[in-house]
Amino acid sequence: MGNSKSGALSKEILDELQLNTKFTEEELCAWYQSFLKECPSGRITQQEFQSIYAKFFPDSDPKAYAQHVFRSFDANSDGTLDFKEYVIALHMTTAGKTTQKLEWAFSLYDVDGNGAISKSEVLEIVMAIFKMINPEDVKHLPDDENTPEKRAEKIWKFFGKNDDDKLTEDEFIEGTLANKEILRLIQFEPQKVKEKLKEKKP
């Protein structure tokens, strides 16, 4: 490998990412190399992101979920992710602190970006999550959460909201921190993502 270690990753971005994530310089440089291989332009489009995401979930249909994840990380809404946005996305979803993850989860569920979550937005994300759950695993889910509608209803009840209420970011984070059950219901088992990420480490 020799001297191509850092590729063209600027010291500035490297320092910032090391400061804001738990990744090492080696990991970041290796990821940058494979990032450039996949995306020579240095930016990932939503389609490219979906196909990268699909590799993590070969047995399911992560397209809808990947779209939402992409939207939540496209910080400047330009329709692409640069390496920095991509690494922050990886970090937040796999190694971020709980409150960071919940802030991210809020932006994921806030589909229209208006700063509050509605019940229909919860259902939209839960439907995307269900497309990623193996049908065999769905059979083993409890009766009150084995369809997207039931699961969205259950989440909404945990927050004590009426059908047409809205959920603010503070309510979302406090409610989820106070109730582990909500945390389990709002996320797609990240453990599986973590295991797959480990397998794919460069």
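Predicted model: local features only at pLDDT ≥ 70, side-chain atom pairs only at ≥ 80, totals over all residues.
Trainee: What makes the pairing of Lys119 with Asp163 a salt bridge?
Mentor: The closest N and O atoms are 2.9 Å apart. The rule asks for a Lys or Arg side-chain nitrogen within 4 Å of a carboxyl oxygen of Asp or Glu, so Lys119 and Asp163 qualify as a salt bridge. This pair links distant parts of the chain, with Asp163 in the loop between helix H9 and strand S4, 44 residues from Lys119.

Trainee: And Asp163, how do you know whether to call this residue buried or exposed?
Mentor: Asp163 has 54% relative accessibility. Exposed means over 50%, so Asp163 is exposed.

Trainee: What makes Lys119 and Glu153 a polar contact?
Mentor: Their side chains are joined at 2.5 Å, and the cut-off is 3.5 Å between N or O atoms, with one able to donate a hydrogen and the other to accept it. Leaving aside neighbours within four places in sequence, Lys119 is in contact with Glu153, Trp156 and Asp163.

Trainee: Why is Glu153 with Lys157 called a salt bridge?
Mentor: Here the closest N and O atoms are 3.1 Å apart, and the limit is 4 Å, so Glu153 and Lys157 form a salt bridge. Being four residues apart in helix H9, they are separated by about one helical turn. Glu153 is partly exposed at 30%, whereas Lys157 is exposed at 60%.

Trainee: How many salt bridges does a search of the whole structure find?
Mentor: The search finds 13. Another one is Asp15 with Lys11, where the closest N and O atoms are 3.0 Å apart. Both residues lie in helix H1.

Trainee: What makes the buried residues of helix H3 line one face?
Mentor: They are Phe49, Gln50, Ile52, Tyr53 and Phe56. Seen down the axis of H3, they fall within an arc of 165°, so they line one face of the helix.

Trainee: And why is helix H4 described as largely enclosed?
Mentor: Eight of the eleven residues of H4 are buried, so the rest of the structure largely encloses this helix. Among the buried ones are Tyr65, His68 and Phe70.

Trainee: Cys29 and Cys39, buried or exposed?
Mentor: Cys29 has a relative accessible area of 1%, and Cys39 has 1%. The limit for buried is under 20%, so Cys29 is buried and Cys39 is buried. The disulfide count comes to zero.

Note on methods:
Residues numbered from 1 in each chain as written. Heavy atoms only, no water. Contact = heavy atoms within 4.5 Å. Disulfide = S-S within 2.5 Å. Buried < 20%, exposed > 50% of the residue type's maximum accessible area, 1.4 Å probe, protein only. Helix = DSSP H or I, 4+ residues; strand = E, 2+ residues; numbered from the N terminus. Arc of directions from axis to C-beta.
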